[in-house]
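Hi everyone, thanks for coming. I'd like to walk you through one model this morning, so please have a look at the screen with me.

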Amino acid sequence: MSVKVLYFASLRETLGYSHETLTLSADIATLGDLRAHLAHRGGVWEALGEGRNVRAAINQEMVGADVAVADRDEIAFFPPVTGG
Amino acid sequence: MSEIQRQNDSVSVQEADFDVGAEIAALSAGRVEVGAVASFVGLVRADKLSGEGSEVSAMTLEHYPGMTEKSLDAIIADANGRWSLLGTRVIHRFGRLVPGERIVFVGVASSHRGDAFAACEFIMDYLKTRAPFWKKEDTPEGGRWVDAREADDEAASRWD
């Protein structure tokens, strides 16, 4: 399964990446699994760790950690929004 | 600039400024059934930086192209389900803005004022907590990302 992952705002700056394409192993079923997998890279990636205030979207809709990820999904991680 | 348009609802996410008077006028132009237009304009404030004498000199707004337009469209659809509306217009700018510049416009047309007032406030409250925009302030020490405010979550939750 291959997904595109986007990072925005302070998270993009912390990680040093705006996007990447990832091939996921079968044990990554949900958004929460993917987030834990990324945080496990260590270093700056701990910004995605449990307890950090990070929001996520799948295919441009904000969703929770238990939502399943699917092949070719566009997944985004970002801090709480501050528009308006 | 990108836009989403239904018959009487439209969303623009753009770098350019907008003409408030023209936007308000357009909400009722040629439509005699409109009896009320409520609007809101959000501006960049020259806030004092916490614990310092200096003020914010500029801010840069980042957004998530595609999701921004979709989320604003979903908020407008939600508003149309809650109130009897005759038209809505949302404009949100991105890029670098200085104090005094306009950031956001929300305009709502309806038959009577109650629906227009309520929907305008609802759209702003939901936009603040659901539309993927992020503000970064320029300070003498460099850029600083603005933290989300709990008060904004509380304001949005009263519509639940």
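Predicted model: local features only at pLDDT ≥ 70, side-chain atom pairs only at ≥ 80, totals over all residues.

Strands, as I use the word, are DSSP runs of E at least two residues long, numbered from the N terminus.

Most residues other than glycine have a negative phi. Gln60(A) is not a glycine, and yet its phi is positive, about 70°. Asn59(A) also has a positive phi, near 50°, and is likewise a residue other than glycine. Asn59(A) sits in the loop between strand E3 (55-58) and E4 of chain A. Is Gln60(A) buried or exposed? Gln60(A) counts as buried because its relative accessibility is 16%, and the cut-off for buried is under 20%. Asn59(A), at 35%, is partly exposed.

Moving along, we come to Glu61(A), which belongs to strand E4 (residues 61-62) of chain A. Glu61(A) is exposed, because its relative accessibility is 51% and exposed means over 50%. Which residues does Glu61(A) touch, leaving aside its neighbours within four places in sequence? They are Ala56(A) and, from the other chain, Met67(B). As for Glu46(A), it is 15 residues from Glu61(A) along the chain, and their C-alpha atoms are separated by 24 Å.

One more stop in chain A. Helix H1 (residues 9-15) contains Thr14(A), a partly exposed residue with a relative accessible area of 41%. Beyond the neighbours within four places in sequence, Thr14(A) is in contact with Val44(A) and Ala47(A). Between Thr14(A) and Val67(A) there are 25 Å, C-alpha to C-alpha, and the two are 53 residues apart in sequence.

Now over to chain B, and a pair of helices. Two packed helices are described by the angle between their axes and the distance between the axes. For helix H2 (residues 67-82) of chain B and H3(B), the axes come within 10 Å and cross at roughly 145°. The crossing of H2(B) past H3(B) is right-handed. Who meets whom here? From H2(B) we have Ser71(B), Leu72(B), Ile75(B), Asp78(B), Ala79(B) and Arg82(B), and from H3(B) their partners are Phe122(B), Ile123(B), Tyr126(B), Leu127(B) and Arg130(B). Sorted by class, this contact has seven nonpolar residues, one polar and three charged.

H3(B) brings us to my last topic, the largest pocket. Its volume is about 740 Å³. The lining has 30 residues, and those closest to the pocket's centre are Arg45(B), Lys128(B), Lys135(B), Arg149(B) and Asp152(B). Which elements of chain B each supply at least two residues of the lining? They are strand E3 (36-43), helix H3 (113-130), strand E8 (133-139), strand E9 (142-145) and helix H4 (150-157). H3(B) gives the largest share, four residues. By class, the lining has 13 nonpolar, five polar and twelve charged residues.

Finally, a word on strand E9 of chain B, where you will find Gly142(B). Gly142(B) is partly exposed, with a relative accessible area of 28%.

Note on methods:
Residues numbered from 1 in each chain as written. Chains lettered and ligands numbered in written order. Heavy atoms only, no water. 1 Å grid on protein atoms, 1.4 Å probe; cavity = no way out; pocket = protein on both sides within 12 Å on 5 of 7 lines; lining within 4 Å. Points joined across faces, edges and corners; volume = space filled by probe spheres on them. Nonpolar A, V, L, I, M, F, W, Y, C, P; charged D, E, K, R; others polar. Axes fitted to C-alpha atoms, helices over the stretch in contact; angles between N-to-C directions. Left-handed = near helix turned anticlockwise from the far one by under 90°. Contact = heavy atoms within 4.5 Å. Buried < 20%, exposed > 50% of the residue type's maximum accessible area, 1.4 Å probe, protein only.
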